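Here is a short briefing for a reader meeting this structure for the first time. Look it over, then take the points below topic by topic.

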Amino acid sequence: MANEDKKDFNAMLHDNKDMPKFQIITDQKSIEKYGGSKMYFAPPIDYDRVMKKVPYGKVITVGTIREYFAKLSGADFTEPITAGIFVSIVAWASYQRSEDETPYWRTLKANGELNAKYPNGIEAQKEKLEAEGHTIIQKGRKNIRYYVKDYETFLFDLK
């Protein structure tokens, strides 16, 4: 995201954009990729609620959150593009608040990858995760990425 210092991420967090909602997709490749045609859109505040539940020393991936929302809503899958955007909104909203922090740094991208779009980038996320006991590893020669070594995703009870 650009111009983060000029945006009110807490307002974005509470703008539900007519969500939650469902959409039926008809593109066969997408249906095969995601395992069905019923796609769910969760509002940004729902990502915040889930990310707040990840305890100290644990991590979760955006994919796990998407799976959780899909199961909870009865959808085949949760839309991936808005999921990535909303997780970043949660991070920046928390960063802009002086209280009621969301531990956004505990939410990773696929395969345990750190998120460069979080406030102060990968280095800040790396520092926070290492302070909680995680080991961060670097992979790649040209396109260097950082991952939580041997990450184990925090799972929710689906009630």
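**A buried asparagine and its surroundings**

Asn115 is buried, with a relative accessible area of 7%. The model is predicted. Asn115 sits in the loop between strand 5 (107-108) and helix 6 (121-131).

**Around Asn115 and Gln125**
- A polar atom of the Asn115 side chain lies 2.9 Å from the backbone nitrogen of Lys117.
- Beyond its neighbours within four places in sequence, Asn115 is in contact with Ser88, Lys109, Gly121, Ile122 and Gln125.
- Gln125 belongs to helix 6.
- Gln125 is buried, with a relative accessible area of 1%.
- Apart from neighbours within four places in sequence, the contacts of Gln125 include Trp105, Thr107, Leu108 and Asn115.

**Helix 5**
- Helix 5 (residues 80-96) has 17 residues, which should span 24 Å at 1.5 Å a residue. Its end C-alpha atoms are 25 Å apart, which agrees.
- At the start of helix 5, a side-chain oxygen of Glu79 comes within 3.1 Å of the backbone nitrogen of Ile81.
- Among the buried residues of helix 5 are Phe86, Val87, Ser88, Ile89 and Trp92.
- The buried residues of helix 5 pack against helix 1 (9-13), strand 2 (38-41), helix 3 (44-52), helix 4 (62-73) and strand 5.

**Aromatic pairs**
- The structure holds nine aromatic pairs.
- In one of them, the rings of Tyr47 and Phe69 have centres 4.9 Å apart and planes at 85°, so the pair is edge-to-face.
- Tyr47 lies in helix 3 and Phe69 in helix 4, so this pair ties together parts 22 residues apart in sequence.
- Tyr47 is buried, at 0% relative accessible area. Phe69 is buried too, at 4%.
- The rings of Trp92 and Tyr95 have centres 5.5 Å apart and planes at 80°, so this pair is also edge-to-face.
- Trp92 and Tyr95 are three residues apart in helix 5, about one helical turn.
- Trp92 is buried, with a relative accessible area of 12%, whereas Tyr95 is partly exposed at 41%.
- Ring pairs link Tyr47, Tyr68, Phe69 and Phe86 into a cluster.

**Charges over rings**
- The charged end of Lys38 sits over the ring of Phe22, 4.7 Å from its centre.
- Lys139 lies over the face of Tyr147, 4.8 Å from the ring centre.

**The hairpin of strands 6 and 7**
- Strand 6 (residues 136-139) and strand 7 (residues 145-148) run antiparallel, joined by four bridges.
- Gln138 stands opposite Tyr146 in strand 7.
- Five residues lie between the strands of this hairpin, where Gly140 takes a positive phi near 100°.

Conventions:
Residues are numbered from 1 along each chain as its sequence is written. This is a predicted model: local features need pLDDT of at least 70, side-chain atom pairs count only at pLDDT 80 or more; totals for chains, interfaces and linings use all residues. Side-chain values use heavy atoms; hydrogens and water are left out. Helices (H or I, at least four residues) and strands (E, at least two) are DSSP runs, numbered from the N terminus. Buried means under 20% relative accessible area, exposed over 50%, partly exposed in between (1.4 Å probe, protein chains only). A polar contact is a pair of N or O atoms within 3.5 Å; within protein, one must be able to donate a hydrogen and the other to accept it, and residues adjacent in sequence count only if both atoms are side-chain atoms. Contact means heavy atoms within 4.5 Å. Two strands pair if DSSP finds at least two bridges between them. The expected span of a helix is 1.5 Å times one less than its number of residues. Rings of Phe, Tyr and Trp (its six-membered ring) pair if their centres lie within 6.5 Å; planes under 30 degrees apart count as stacked, over 60 as edge-to-face and the rest as tilted. A charge sits over a ring if NZ of Lys or CZ of Arg is within 6 Å of the ring centre and within 35 degrees of the ring normal.
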